[in-house]
Amino acid sequence: MARPSTVFVCSACAASTPKWQGQCPSCGQWNVLERREAPRPGAAAREPAIPLRLDSAPEPARCPSGQGELDRVLGGGIVPGSVTLLGGDPGIGKSTLLLQVAAQVAAGGGSVLYASGEESASQVALRARRLGLAASTLEMLPETHLEAVLARAAERKAALLVVDSIQTVRSGEMDASAGAVSQLRECTAQLVRFAKSTGTAVILIGHVTKDGAIAGPRVLEHLVDTVLYFESEAGSRFRIVRAIKNRFGAVNELAFFAMTGTGLKEVRNPSAIFLARAAQPAAGSIVTVMREGGRPLLIELQALVDRMRFGAPRRIAQGLDANRLAMLLAVLSRHAAVSLQEHDVFVNAVGGVRIEETAWDLPVGIALASSLQSRPVPDSLVSFGEVGLTGEVRPVAYGEERLQEAAKQGFRLAVVPRENAPRKPIEGLGVIAVSRVDEALGAALSHSRAAPAQAPPPPPKSAPARS
Ligand code: TYD
Ligand code: MG
């Protein structure tokens, strides 16, 4: 059968259909389908296949961004010819961070172009002055036409091109308005081609839209080399940049910044920045040691269980996976006699950080029981560990390192999986090694309970207050 020579492409979501319709069958918008020539299979010019030679691909010379923390998540600096997407909520600090990076790369002698369709030149200049940045060789271009941006970047042989933001640029080759998915894809594809052919490193800013994935940076993730997201809790001055995709480094690396009056400042030793707990131990609060981004990080976890008022019980998880919470509730009910079917359950990772690993199972289980029984966990206690469906407590990676960090931060007692108990005692830290979830709840919530024999050294009877 002959292939149709034309297709109809939605200018809003880029879906294609063989027949014209008034409404896009994919996104439901009206009058958005446009006639296009269908791509012919095999029409594209073919590149000859070549043998893969490792010696022809030396490690690229990376360019430091001037922010050590950002270099960490990038895998050691900005790679020439790479395309990075920096996503995040409006107002979180994307423009601030990249203006600082642009100025620092420019100060290091690189030619930098900062294209802003969001703010005028005077606004950016004002911000640069506030940040105390030297003007030097940084060039600012208040432009939303992609072709003009690329022409200027090529003319200047830019080492770094920042596009603030990808939602405001549009290519003349498309009719769709700026920010439409087809426009986002086309502009990003052009920027990728430009980066690969010229060696210019490109960083795109993408706003995360509150109402969901459509037109957000998510649709671009597969096109670019590296995807970074800004995370933060409303009202907190700390900002976390997480690498969720990186062709040139490890994923799930984290960078920590604090927003100050003069821009973003790196936090080099972030292990305890999220710990600001109440003076008195409160029921439902516990500290865990997570290990993401290659470093141990102490985080307070909070749980609140409250008698259900009406309808179905609510399960709300902030910074933690809600499905995993549902699983944990079932395990607690079956294996630890902590039944919360009649309760609303809220859990929260304090500080606005998202915990992806499973080490929060055990501490959240303890915090839930603590809230239910209104019995506070001693504030010198930490816990981590994974909980399995049969109620067993399973070890997590880097147990010893987590315990060392907890001891360094002044914690005196740790409830951890049996396999994570340290071989040599850790000075100042009593370790209670558990293998079942009910055992862990008992140990954490009754101070008088003794530690099992093979957990050296025995924990103090009542934990002294942390200094
Ligand atoms: P911005 O970088 O404009 O956010 P985005 O580009 O992600 O939308 O950051 C704006 C916020 O940062 C604004 O609320 C003010 C704050 N801010 C500071 O606290 N200190 C500073 O030095 C700057 C430049 C901004
Ligand atoms: Mg901005």
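Modeller: Leu146, Glu147, Leu150, Ala153 and Ala154 in H4 meet Cys187, Gln190, Leu191 and Phe194 in H5, where a contact is a pair of heavy atoms within 4.5 Å. This is a predicted model, in which local features need pLDDT of at least 70 and side-chain atom pairs count only at pLDDT 80 or more, while totals for chains, interfaces and linings use all residues. Residues are numbered from 1 along each chain as its sequence is written, chains are lettered from A and ligands numbered from 1 in the order in which they are written, and side-chain values use heavy atoms, with hydrogens and water left out.

H4 covers residues 146-155 and H5 residues 181-198, and their axes come within 11 Å and cross at roughly 10 degrees (lines fitted to C-alpha atoms over the stretch in contact, with angles from 0 to 180 degrees between N-to-C directions). The pair therefore counts as roughly parallel (under 35 degrees; over 145 is roughly antiparallel, 65 to 115 roughly perpendicular and the rest oblique). The crossing of H4 past H5 is right-handed, that is, the near helix is turned clockwise from the far one by less than a right angle.

Ser171 sits in the loop between strand S7 (160-164) and H5 (helices are DSSP runs of H or I, at least four residues, and strands runs of E, at least two, numbered from the N terminus). With a relative accessible area of 0%, Ser171 is buried (under 20%; exposed is over 50% and partly exposed in between, with a 1.4 Å probe and protein chains only). Ser165 lies in that loop between S7 and H5 too, and the peptide bond joining Asp164 to Ser165 is cis, with omega about -5 degrees. Most peptide bonds are trans.

What is the angle at which H6 and H9 pack? The angle is about 85 degrees, with the axes 9 Å apart and H6 spanning residues 322-335, so H6 is roughly perpendicular to H9. Here Val331, Leu332 and His335 in H6 meet Val437, Asp438 and Leu441 in H9. H9 itself, residues 437-445, is mostly covered, with eight of its nine residues buried, among them Val437 and Leu441.

Among contacts between residues at least 6 apart in sequence, 66% join residues at least 24 apart. The C-alpha atoms fill a box of roughly 75 × 55 × 50 Å along the principal axes.
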